[in-house]
Amino acid sequence: MEANEKKQLELDKRYIRMAAIWAENSYCTRRQVGALIIKDKMIISDGYNGTPSGFENVCEDENGLTKPYVLHAEANAITKIARSNNSSAEATMYVTASPCIECAKLIIQAGIKRVVYSEKYRLEDGLNLLKRANIEVVYIDPNE
Ligand SMILES: [Zn+2]
């Protein structure tokens with residue numbers, strides 16, 4: 001491995017750890033996911049899974065199922081940029097779980113060029129869609 005690649009891997013590991021810490025903000029009980037968007041070595045946005053602003057901080061219904069209006073961490077991070085003066089074009093997203101197909105669509109349209117994730121999911125359609133859009137997809141084992 002070249003020095004630059006090694007440096008990038010170390011950076012990727014650190015950001016993915018930060019995303020994992022950020023996931024702890026989620027009040028969802030079934031699953032906690034965190035996402036960071038980095039551009040030019042700056043964190044320009046962050047997100048974790050949860051209900052929209054102004055809604056009760058409860059993700060699951062009385063049967064323990066996730067409410068249909070819960071936003072994924074990636075969607076929260078991307079929509080936070082929509083309310084800011086930043087642009088996600090050419091940015092990198094760090095997310096603690098493999099993106100689903102709905103989030104993959106948002107990531108593509110947000111102009112994000114690289115996605116680093118740390119937890120594999122049985123469905124790979126989100127990852128496949130990202131790859132089809134020529135987005136670099138990197139898996140990092142959080143326990144390594
Ligand atoms: Zn998603």
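Cys-103 is buried (under 20% relative accessible area, with exposed over 50% and partly exposed in between, for a 1.4 Å probe and protein chains only), its relative accessible area being 3%. This is a predicted model, in which local features need pLDDT of at least 70 and side-chain atom pairs count only at pLDDT 80 or more, while totals for chains, interfaces and linings use all residues. Residues are numbered from 1 along each chain as its sequence is written, and side-chain values use heavy atoms, with hydrogens and water left out.

**Zinc site**
- Cys-103 (SG), Cys-100 (SG) and His-72 (ND1) are the protein donors of the zinc ion, at 1.9 to 2.3 Å; donors are N, O and S atoms within 2.8 Å of the metal (3.2 Å for Na, K and Ca), and sites may look incomplete because water is not among the atoms.
- The spacing of the donor residues in sequence is H-x27-C-x2-C.
- His-72 is partly exposed, at 37% relative accessible area.

**Disulfide**
- One disulfide (a pair of cysteine sulfur atoms within 2.5 Å) is found in the whole structure.
- Cys-28 and Cys-59 form this link, with an S to S distance of 1.9 Å; the link is left-handed, with -60° about the S-S bond.
- Both partners count as buried, Cys-28 at 5% relative accessibility and Cys-59 at 0%.

- Beyond its neighbours within four places in sequence, Met-93 is in contact (heavy atoms within 4.5 Å) with residues including Ile-37, Ala-77, Ile-107 and Val-115.
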